[in-house]
Amino acid sequence: MKSPRPQLHGLNFKPKLLKKIRMSRSTIGKSRKGSLACVGIGLTLGSHLTPLARSHIEQADVVFQAVSDGIVEKWVESLNADVRSLQPFYGENKARSKTYREMVDAILAEVRAGKKVCVAFYGHPGVFAWAPHAAIRIARKEGFFAHMEPGISAEDCLYADLGIDPGAFGCQHLEASQLLYYRRQIDTGGFLILWQAGAIGDRGQARLRTDNRYRQVLVERLAQDYPLAHKVVIYRAATLPIHAPRIERITLRELAAARIEPPDTLVLAPARKLVADTQTLAKLAKLDRLRS
Ligand SMILES: C[S@@+](CC[C@H](N)C(=O)[O-])C[C@H]1O[C@@H](n2cnc3c(N)ncnc32)[C@H](O)[C@@H]1O
């Protein structure tokens, strides 16, 4: 009878491959007891996480979670006996930077206590998320093994639900407020995706929402590059499999009055045709002629 294949995180591997994985892990982390895995659980309950992410959650000594929905929280709680929510760190009028620093402190306290710590974030833990990157950076600096396991992000859902291929015309992703705070160049030949528009212009980063006067400033900024009749999609991926995504098409001029919630993402389609770069094309043609 064949002996069973050895396992890592509950997955079967050929012995040689397992040895290689273990060796590469030992070169990433150092030897201190305690470890950190920041994993993404995706957007839609139970169906967007990798087997590795799930295994990290199940095998951790302590699991912290920062997820998008009470039902999703309950589901994560069913995977491990010690699951702690990071939600209590949020507070009305509390600067988000303070909240995130406190989260990182709480996570690292358990890593430093020698625990195998897993933090489950909704979506992808590395996408528009400060705390996971910071926690991993600090943990590695202190000599702990720290790893990020990707999950399906709002970006991935958006491509599927809206039928957008980022390779067709290119895709620019911006934190919506950055567009107001800094001089950014929008490439209207490609898609523009604006994240965190629900609280646009909240310079103190303490509010969940800002009102339509702030969105009017966004409309005025976007109107520098797009006609007011240009279409904007308000997009929200489903967090429960029984829900449908929110896909609402409005015009740019209607954006200030629209209802934009914290989980919504804005999508603007290209506004102009691509213009051929004749100089560079001529260089390529010259190379082609040399080949023939
Ligand atoms: C702090 S970021 C977290 C993103 C997350 N890490 C991810 O990978 O999707 C929050 C922003 O993500 C986007 N977002 C979150 N949930 C979403 C959803 N269900 N559908 C579409 N966009 C969402 C919104 O732009 C929101 O303001």
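Reader: Why is Val 67 called buried?

Author: A residue is buried if 20 or more other C-beta atoms lie within 10 Å of its own, exposed if 12 or fewer, and partly exposed in between, with the C-beta atoms placed from the backbone. Val 67 has 23 C-beta neighbours inside 10 Å, so Val 67 counts as buried. This is a predicted model, in which local features need pLDDT of at least 70 and side-chain atom pairs count only at pLDDT 80 or more, while totals for chains, interfaces and linings use all residues. Residues are numbered from 1 along each chain as its sequence is written.

Reader: Where is Val 67 placed, and which residues does Val 67 touch?

Author: Val 67 lies in the loop between strand 4 (62-66) and helix 3 (70-77). Helices (H or I, at least four residues) and strands (E, at least two) are DSSP runs, numbered from the N terminus. Two residues are in contact if their C-beta atoms, placed from the backbone, lie within 7 Å. Not counting residues up to four places away in sequence, Val 67 touches Ile 41, Val 72, Glu 73, Val 76, Ala 120 and Tyr 122. The C-alpha atoms of Val 67 and Phe 121 are separated by 5.5 Å, although the two residues are 54 residues apart along the chain.

Reader: How do you know whether Ile 41 is buried or exposed?

Author: Ile 41 has 31 other C-beta atoms within 10 Å and is therefore buried. Ile 41 belongs to the loop between strand 3 (35-40) and helix 2 (51-59). Beyond its neighbours within four places in sequence, Ile 41 is in contact with several residues, including His 48, Leu 49, Val 67 and Gly 151. The C-alpha atoms of Ile 41 and Ala 120, 79 residues apart along the chain, are separated by 6.4 Å.

Reader: How do you know that the buried residues of helix 9 (residues 212-222) are on the same side?

Author: The buried residues in helix 9 are Tyr 214, Arg 215, Leu 218 and Leu 222. They cover an arc of only 95° around the axis, which puts them on the same side of helix 9; the arc is that of the directions from the helix axis to the C-beta atoms. Arg 213 and Glu 220, on the other side of helix 9, are exposed. Helix 8 (176-181) is included in what covers the buried residues.

Reader: What is remarked about the phi of Asn 93, and is Asn 93 buried or exposed?

Author: Most residues other than glycine have a negative phi. Asn 93 is not a glycine, yet has a positive phi of about 60°. Asn 93 is found in the loop between strand 5 (83-85) and helix 4 (96-112). With 7 other C-beta atoms within 10 Å, Asn 93 is exposed.

Reader: Why is Gln 196 called partly exposed?

Author: Gln 196 has 19 other C-beta atoms within 10 Å, and therefore counts as partly exposed. Gln 196 is placed in the loop between strand 9 and helix 9, and its phi is near 60°, a positive value in a residue other than glycine.
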